[in-house]
Amino acid sequence: MRFMGILNSPQILQVPMRHHRSQVEVLVAGKAVDATAIRHAPQEFQDELRLARKKFGNALCCCQDRPLPLVIRERSEKLFLAAWPEQGALHALGCPFFSEPKLEETAQVAGAVQHEGDVTKVHLHHPIRQPNRAIAAAQPKERGVAVSKPAKFSRLHLWGLLHYLWDEAGLNRWYPGWHRDWGFVRHSIRRVAQSTIVDGAPLIHSLYVPPVWVPAKKQEVLEQWNKFVAPLLRHHRRANEVASGFVIGSIRLLTPLGDGSYKLALHHHGVPFMVDEWMSKSLSQFSRRGWSALKQLDSPVDGDPRPYVIAALRVEATSTGKMHVVEAVLMRVTPRYIPVNSSFEDKVARVLVEQDRQFVRPLHYDNHHAHLPDFILRDAGRVRRLVAMHVYGPALGYIKLHQQIDTDKARAEQQGMDFWSWSAALQPQPPPLPPAFPPTNSTPNSSKE
């Protein structure tokens, strides 16, 4: 078999023998290089990739004890690496070549997210720059021009964009030995944005993620913010063409202003954002879980731990220089930034992290009706069989609860997974987790800068 021949390659003779690797390494023509660097900046390794393709025909990923082959592909006369077909799920969770196996009803829909070599094109529902709506409405409309409606899920809304960034950055995963803070989250999101193309340009040009606040770097942070808002100020809401940008941050404070509007403050960022009455009603409807958690930032209820909430904002500048929020979503997360939908899921995710388990939180992007487990446990049992984990809140009635459990259990069996569940109405605490298989000797890609 060709796969066995790859494993017997002379490249393996140079695999670094370390009990605990702080990062994933890839063997390229016998040379060990950082996996994240070569995955996201292949242009820096063209000589090594050409030699590997000529001498071995492939590269090797060392994220597992048994090295996995990587395909050397070419696009626009530039070589890059990709996971071997159908082997993305065999890589470690911390490996940049890992990809979750597709579930029966996938949340990603072809068209909105298109992977093209070392870059990914994302099609958004709202262009970053578009004609001024008020000016366009006042102009006479052309007759006979039919505007086709885009297919469902062919473009991402803000929810989909946030989930895409979280998913691609691996922030919905956890692996034993990892740590994660805001500095790492920011670094991971920006790294994905650098290779994500939106409206013909890298997303990083239209994205601001507040850096960890350090007083000594105040001027540098201010310059970064001014660089982000400069195109928004040039193409403000009264200009012929209006530009928008995206801000992603962890919410520090939500202050009501008495007229139905709110002032929203982010951690590590001194400029507040104004949320008008219309936007607050929209958040309470379409981000109701995050909106509800915001009301508990200072006073958690029923002894629950303090919630954490991520805000994704699409902002435009007024003619007076203020930032106006035109679209927003709120995503509840754990202290380690794992997305959750309730305090009950939050509790399970914290237990998983505390017990240093290996798991994934599937994300639905814009498809809110996708039937996905709340978590997928990847380290249970001696045969490492995946476990679909479902958390049911107390609001479900007895009959509907058991109908849902039966449905989810059957779906897990169809997908080749075991089943675990917690019904908060029947049990005050989560039941014991399935036992983990013995850990390996390697800890891939520590999730901390």
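Helices (H or I, at least four residues) and strands (E, at least two) are DSSP runs, numbered from the N terminus. This is a predicted model, where local features need pLDDT of at least 70, side-chain atom pairs count only at pLDDT 80 or more, and totals for chains, interfaces and linings use all residues. Residues are numbered from 1 along each chain as its sequence is written, and side-chain values use heavy atoms, with hydrogens and water left out.

Q: How many helices and strands does the protein have?
A: By that rule, the protein has eleven helices and 22 strands.

Q: Why is Cys61 called buried?
A: Buried means under 20% relative accessible area, exposed over 50%, and partly exposed in between (1.4 Å probe, protein chains only). Cys61 has a relative accessible area of 0%, so Cys61 is buried. Cys95, at 1%, is therefore buried too. Of the 449 residues of the protein, 49% count as buried.

Q: What makes Asp34 partly exposed?
A: Its relative accessible area is 24%, so Asp34 falls in the partly exposed class. Asp34 lies in strand β2.

Q: How do you know that the structure holds zero disulfides, and what of Cys61?
A: A disulfide is a pair of cysteine sulfur atoms within 2.5 Å. For Cys61, the nearest cysteine sulfur is that of Cys95, 3.5 Å away, and Cys61 is in no disulfide. Cys95 is in no disulfide either; its nearest cysteine sulfur is that of Cys61.

Q: What makes β1 and β2 a pair?
A: Two strands pair if DSSP finds at least two bridges between them. Strand β1 (residues 25-28) and strand β2 (residues 31-34) have four bridges, in the antiparallel sense. Glu25 stands opposite Asp34 in β2. The hairpin has two residues between the strands, and Ala29 takes a positive phi near 55° there.

Q: Which residues does Asp34 touch, not counting those up to four places away in sequence?
A: Contact means heavy atoms within 4.5 Å. Asp34 touches Gln23 and Val24. The C-alpha atoms of Asp34 and Gln23 are 7.2 Å apart, although eleven residues separate them along the chain.

Q: Why is α6 called mostly covered?
A: Ten of its 13 residues are buried. Among them are Trp182, Phe184, Arg186 and Ile189.

Q: Where does α7 bend?
A: The bend at a residue is the angle between axes fitted to the seven residues ending there and the seven starting there. In α7 that angle is about 30° at Phe228, and Pro231 follows within four residues. Helix α7 (residues 218-234) still reaches 24 Å, close to the 24 Å expected for its 17 residues. Buried residues in α7 include Trp225, Phe228 and Pro231.

Definitions and conventions: Expected span 1.5 Å × (residues − 1).
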